[in-house]
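Please open the structure in your viewer and keep the sequence panel beside it.

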Amino acid sequence: MGKMGVDSSSQSSMDSPSERGWRFWLIFISIASSLFLAALELSSVATALPRIIDDLHGSQFVWVGSAYALAATAFVPLSGALAQAFGRRSVMLLALFLFAAGSAVCGAATSLNMLIAGRVIQGVGGGSIASATQIILSDLVPLHERGTYSGLIGISWGIASGIGPVVGGAFAESGNWRWLFYMNIPICIIVGAFVLVFLRLRTPDLTWREKFDRLDWVGNLLVVASTTSVVIALTWGGIQYPWSSPKVLVPLVLGIVGLFGFLVYESKYPKYPIVPFSLMSTATGWSGFLQTFIMPIGVLAGVYYLPVYFQACMSASPIASGVDTFGAAFTLPLAGIVAGVSVARSGGYRLQLWIAWSLVVIGTAMLSTLNADSSRAYAIALQIIGGCGAGAISTITYFPALAPLDVSQNAQALAFFTFLRNFAQVWGVTIGGTILQNQLHTRLPPTFTSQFPGGTAIAYSIIPIIYTLEEPLKTQVRIAFAESVRVIWRVFIGIGGMGLLASLPMKALPLHTAVDKNWGFEHKETDELSRAEANQIEKSDSEECRDEVKPVADGNSDK
């Protein structure tokens, strides 16, 4: 079960706060660079998506985002288990390799199906990068200091999120969107070399058999299958098939039941569960994990559907629509830094989260006032309000999730934390996509949709040429897109309100001041000495056991 705060019984598993020398900062730069790569991919593809769909003559645009989010979600628990068994550096290098391989497939895509396959491979790598980054940071920095460092990592994420839409728009506008994926390959190689040289952390002293025995194969199979089933249902629902169709309801029900069965299985059967029941044994922990799930739903809606608004309603080019999202893109990391430093200095997290959720609700409500004729300056300014709230939430939701737990559970808790974040991204993309498609179906002029046998899914790919339409059709289409996107924001007002309600049960728990000594910097001499001491203790214990057992045996023989 989870422990409230840090008590003396857990001191044997902890070490003093790690040093802040050159090795620490090189490792920190390594993980920040890895996260930069994943964030750049996430933000740049969304802006270029209409042009990519048009070039590949596809219709299932939602799958380009959902496939990435699905893979990034389903395999995160496995990446956390691999990090525990094989070490952090091995997982990070594998993640970078998969990300590069997926990027190569996407860049060479000749069809939408091939692009989606590449996005799946990318997603496995990207999700593992995010998980490993959080785990490594927790190995090096105690919880009470982590707000500051999470804010610094937020700078990396923020820069990538800020320039990503412009980079994606530039490649799309020039017709070279494939290089949006190809450029990831040399970046992965450079970051991989950095990780290989500097990311030298302790690894478990286990045999290969012991490492594989620590992997919860049944649990991983359950979570991958169940997550896939839910995402298929969310992606098909209301677009490819009606929500009442068995092709939607069956995988949705099976997936939800499977996820529930996964949690039940994890609480009872595996010796090394990937999601121990103790992670969710307190109201504060539940609150933290639930907020973690709700926050990315709205953020991903903004990432994917703000560019849609600017391109479809304001005739913005892909590059211009990327610039138009700067209001949110640069506000998020700045707010995250401020919130992280505030937690580090005050030791509290509740007030910051309550204020942040309130800003998200207000900001989303303001976005819902946008129409087809709103000024660009007004649309950019409105992003700042919600961006401040979302940035703070994204930086500090793991404080209530981790505060009730012992530091030895950091890796499992952060893998589950990343799983929830990525799973929420799937919901954000698919909920927004479903609303958009359903609204376009009823709002677009019949004279426009009749040109596309595939319906509104095809109409999405026509965004880049809306500005070429003749009046009054052009205005009618612009208004239809603006009203459809407005419904997305109205739905997400309620989702933000759910996040605020989820934050209310949190308790003000103390933050850990130490880290787990079993991980962290690799010191050859001290590690060898520790192993020698452990062997000596084990040998002494065995001798004491034999001494204690012998009189009992003699006594029994006398009887």
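What volume does the second largest pocket have? The second largest pocket of this predicted model has a volume of about 590 Å³. On a 1 Å grid over the protein atoms alone, a pocket is an open set of points with protein on both sides within 12 Å along at least five of seven lines, whereas a cavity is a set of points where a 1.4 Å probe fits but cannot get out. Lining residues have an atom within 4 Å of a point. Grid points are joined across faces, edges and corners, and the volume is the space filled by probe spheres set on the points.

Residues are numbered from 1 along each chain as its sequence is written, and side-chain values use heavy atoms, with hydrogens and water left out. In this predicted model, local features need pLDDT of at least 70 and side-chain atom pairs count only at pLDDT 80 or more, while totals for chains, interfaces and linings use all residues.

**Stop 1**

Select Leu-259, Leu-290, Phe-293, Leu-420 and Phe-423, which are the closest to the pocket's centre among its 22 lining residues. Then colour helix H11 (246-268), helix H12 (283-313), helix H19 (410-443) and helix H22 (473-503), the elements that each give two or more residues to this lining. Helices (H or I, at least four residues) and strands (E, at least two) are DSSP runs, numbered from the N terminus. By class, the lining has 22 nonpolar, no polar and no charged residues. In this count, Ala, Val, Leu, Ile, Met, Phe, Trp, Tyr, Cys and Pro are nonpolar, Asp, Glu, Lys and Arg are charged, and the others, Gly among them, are polar.

**Stop 2: Thr-292**

Remain in helix H12 and select Thr-292. Is Thr-292 buried or exposed? Thr-292 counts as buried because its relative accessibility is 0%; buried means under 20% relative accessible area, exposed over 50%, and partly exposed in between (1.4 Å probe, protein chains only). Its side chain reaches the backbone oxygen of Gly-288 at 2.7 Å. Leaving aside neighbours within four places in sequence, Thr-292 is in contact (heavy atoms within 4.5 Å) with Thr-397, Phe-417, Leu-420 and Arg-421.

**Stop 3: Ser-138**

Move to helix H5 (residues 112-140) and select Ser-138. This serine is buried, with a relative accessible area of 1%. A polar atom of the Ser-138 side chain lies 2.7 Å from the backbone oxygen of Ile-135. Show also Arg-146, Asn-410, Leu-414 and Val-515, which Ser-138 contacts when neighbours within four places in sequence are left aside.

**Stop 4: the salt bridges**

How many salt bridges does the structure hold? There are three, a salt bridge being a side-chain nitrogen of Lys or Arg within 4 Å of a carboxyl oxygen of Asp or Glu.

- Select Asp-324 and Arg-376, whose side chains meet at 2.8 Å, N to O. Asp-324 lies in helix H13 (residues 318-324) and Arg-376 in helix H17 (residues 376-396), so this pair ties together parts that are 52 residues apart in sequence. Asp-324 is buried at 3% relative accessible area, whereas Arg-376 is partly exposed at 33%.
- Select Arg-478 and Asp-373, whose side chains meet at 3.4 Å, N to O. Arg-478 is in helix H22 and Asp-373 in the loop between helix H16 (350-367) and H17, 105 residues apart. Arg-478 counts as buried at 13% relative accessibility, and Asp-373 is exposed at 65%.
- Select Glu-483 and Arg-486, whose side chains meet at 3.7 Å, N to O. Both lie in helix H22, three residues apart, about one turn of the helix. Glu-483 is partly exposed at 22%, and Arg-486 is buried at 15%.

**Stop 5: Pro-505**

Continue to Pro-505, in the loop between H22 and strand E2 (515-516). Pro-505 is partly exposed, with a relative accessible area of 42%. Not counting residues up to four places away in sequence, Pro-505 touches Ala-283, Thr-284 and Ser-287.

**Last view: the whole protein**

Finally, clear the selection and display the protein, whose secondary structure comes to 23 helices and two strands. Buried residues make up 56% of its 559 residues.

Note on methods:
Polar contact = N/O pair within 3.5 Å; in protein donor to acceptor, adjacent residues only side chain to side chain.
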